[in-house]
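Please look over the sequence and the model before reading on.

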Amino acid sequence: MRFSATLLIAAALAFSANAASIDRRDLVISPPVALCIADLVSASEQLAIVKTAVDGFFSSAGYSGALAIHNLEQVLETRINKAKTDCCAVTGVITSDEATGVLDTVGLLVPKVVDAITSINGKKSQFDAIFLATSIVKTDLKNLEAATKALDTCLVNKTPLTPPEFKIQADAYVATINASFLSAKNLYKY
Ligand SMILES: *[C@@H]1O[C@H](CO)[C@@H](O)[C@H](O)[C@H]1NC(C)=O
């Protein structure tokens, strides 16, 4: 099964326009990589929760409202750190199936990172209106950036070099994440 699935991936990558049409249920994925993927999904879910909370945040919620966002961010940080730990712990050769599974999941996570940061950027004036709220946001952004980049480093380092499409895709995801954090850094000066 693994052999045929790999051939299927290789064929699909050869016609890369069709790569998105592979049936992901056919991917053969080892338990450590499956754990890494599950962690990425879990972080992705929390990112959506943080974004929704930030979108609904106004300075009228006061310091306790800002703390409520901070608490959601702490859960996110824990989940990203768990993904970092588990994804970094994967050893040995990463198969094409596994790389496909991980990169697909990262592909779902990246827009959620961008959306959450866009929302946080959009609320700066609301945070600024509350004494000490912006300094909490700055610390959270700084910690999130460090955790996310540590995770990215492992994912990129473990991405197979052949076919080259995997690495190109991984680098493109990281570049998008970097640009997103840079926009927050320029705005919040953290
Ligand atoms: C992303 O940023 C990190 C440091 O913050 C850097 O090491 C890495 O090369 C950057 N990657 C890309 C693809 O821009």
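The text below treats a pair of helices and then the disulfides.

The model described here is a predicted one. In it, helix α2, which spans residues 31–55, packs with helix α3, which spans residues 62–88, at an angle of about 165 degrees, and their axes are 9 Å apart. Since an angle over 145 degrees counts as roughly antiparallel, α2 and α3 are therefore roughly antiparallel to each other. The crossing of α2 and α3 is left-handed, and the residues of their contact divide into 16 nonpolar, two polar and six charged.

The structure holds two disulfides, and with bonded cysteines counted along the chain they follow the pattern 1-2, 3-4. The table sets out their geometry.

| Disulfide | Distance between sulfur atoms | Torsion about the S-S bond |
|---|---|---|
| Cys 36 and Cys 87 | 2.1 Å | about 95 degrees |
| Cys 88 and Cys 154 | 1.9 Å | about 110 degrees |

With a torsion of about 95 degrees, the disulfide of Cys 36 and Cys 87 is right-handed. Cys 36 and Cys 87 are buried.

The disulfide of Cys 88 and Cys 154 is right-handed, given its torsion of about 110 degrees. Distant parts of the chain are linked here too, for Cys 88 lies in helix α3 and Cys 154 in helix α6 (residues 133–158), 66 residues apart. Cys 88 is partly exposed, with a relative accessible area of 26%, whereas Cys 154 is buried, with a relative accessible area of 14%.

Conventions:
Residues are numbered from 1 along each chain as its sequence is written. This is a predicted model: local features need pLDDT of at least 70, side-chain atom pairs count only at pLDDT 80 or more; totals for chains, interfaces and linings use all residues. Side-chain values use heavy atoms; hydrogens and water are left out. Axes are lines fitted to C-alpha atoms, for helices over the stretch in contact, and angles run from 0 to 180 degrees between N-to-C directions. Helices (H or I, at least four residues) and strands (E, at least two) are DSSP runs, numbered from the N terminus. Angles under 35 degrees count as roughly parallel, over 145 as roughly antiparallel, 65 to 115 as roughly perpendicular and the rest as oblique. A crossing is left-handed if the near helix is turned anticlockwise from the far one by less than a right angle, and right-handed if clockwise. Ala, Val, Leu, Ile, Met, Phe, Trp, Tyr, Cys and Pro count as nonpolar, Asp, Glu, Lys and Arg as charged, and the others, Gly among them, as polar. A disulfide is a pair of cysteine sulfur atoms within 2.5 Å. Buried means under 20% relative accessible area, exposed over 50%, partly exposed in between (1.4 Å probe, protein chains only).
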